[in-house]
Amino acid sequence: MLNFTASTAVTIVAPFLVDSEYVVPDTGSVTYSVRDNTGTLITALTNRALTPATTATEIAVTIPASDNAVTLSTEIRSLIVSYTVNAQPYQFVSAYRLNPWLSIAVTPADVRSKLGLSSTELPDADVNFYDTYYVLDDKLSTLTATATVVVTMAASLASGTLNAKYANDALIYQAALDLFPSLRARLLHKEGQGTTSYERYSGFDFDGLHDQITDLLEDALTNMTGMTSTYPSMLVVGKRRDIIGGPWHARTQ
């Protein structure tokens with residue numbers, strides 16, 4: 001989902017497509033509407049006419065800042081661009097989320113570094129720090145529900161203390177964990193260009209990497225909250241494989 005800062009103008013490029021092929025819409029047929037968080041059409045943004053260039057196969061639509069103001073923590077808007085091609089009706093629909101400004105200081109490159117992926121294997125667009133932020137905020141709410149001070153992501157990121165670092169670290173680790181279901185498919189086994197070629201190490205330990213990043217996330221959350229999760233004693237001591245293929249080693253928590 002697209003994410004934007006609340007109370008700012010939002011511009012979305014809408015393609016004119018028929019069966020996934022770009023087309024030129026019928027003259028005078030293009031309109032747009034916007035629905036609010038409840039799905040209700042915004043009166044001032046209903047069936048507004050758009051005039052694309054004569055041979056255009058897409059058009060940029062701007063939703064004014066005043067229509068992106070929110071009363072909830074986050075809200076959804078839905079842009080609907082309608083058009084006809086040879087008198088047949090078609091629509092492009094794009095939902096987007098409006099968020100408060102989040103003082104996030106990390107980038108997708110930080111996540112790629114933790115996972116050992118290239119920008120080809122993990123494009124920037126595939127890393128969603130907004131979703132990660134809300135997942136972590138919910139975790140913190142649960143962890144500190146009975147504490148004197150409730151720790152939040154917003155307060156931690158804006159704290160100007162080490163908690164800001166720990167919160168940004170947590171964003172990296174949580175985003176990395178969220179990508180694990182697709183990690184095997186993303187890793188290129190072989191890649192060649194001219195006379196240069198690369199091949200992945202066949203003994204890559206996905207489980208070990210997952211465990212390592214999970215530990216780092218737990219450490220970051222513990223540093224933020226001062227609270228340590230407890231586990232049954234049978235799960236406290238175990239052995240984990242070195243992710244670079246080294247020997248087994250004992251680990252205690």
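Biologist: In this predicted model, where does Ala87 lie, and what makes Ala87 count as exposed?

Modeller: Ala87 sits in the loop that runs between β8 and β9. Because exposed means over 50% relative accessible area, and Ala87 has a relative accessible area of 60%, Ala87 is called exposed.

Biologist: What is the value of phi at Ala87?

Modeller: The phi angle of Ala87 is near 70°, which is a positive value in a residue other than glycine.

Biologist: Why is Asn47 called exposed, and in which loop does Asn47 lie?

Modeller: Asn47 belongs to the loop between β5 and β6. With the threshold for exposed set at over 50%, the 57% relative accessibility of Asn47 places this residue in the exposed class. Asn47 also has a positive phi, near 55°, in a residue other than glycine.

Biologist: How do you know that β5 and β8 pair?

Modeller: Pairing requires at least two bridges between two strands, and strand β5 (residues 31-35) and strand β8 (residues 75-85) are joined over five bridges in the antiparallel sense, so they count as paired. Within this pairing, Tyr32 stands opposite Val81 in β8.

Biologist: What makes β1 and β6 edge strands?

Modeller: The open sheet has five strands in the order β1-β9-β8-β5-β6, with mixed pairing. β1 (2-5) and β6 (48-49) each have a single partner strand, so one side of each is left without a neighbour in the sheet.

Biologist: Which strands does helix α2 touch?

Modeller: Helix α2 (residues 129-143) packs on the sheet, touching β1 and β9 (88-99), and the direction of the helix makes about 50° with that of β9.

Note on methods:
Residues numbered from 1 in each chain as written. Predicted model: local features only at pLDDT ≥ 70, side-chain atom pairs only at ≥ 80, totals over all residues. Heavy atoms only, no water. Helix = DSSP H or I, 4+ residues; strand = E, 2+ residues; numbered from the N terminus. Contact = heavy atoms within 4.5 Å. Axes fitted to C-alpha atoms, helices over the stretch in contact; angles between N-to-C directions. Buried < 20%, exposed > 50% of the residue type's maximum accessible area, 1.4 Å probe, protein only.
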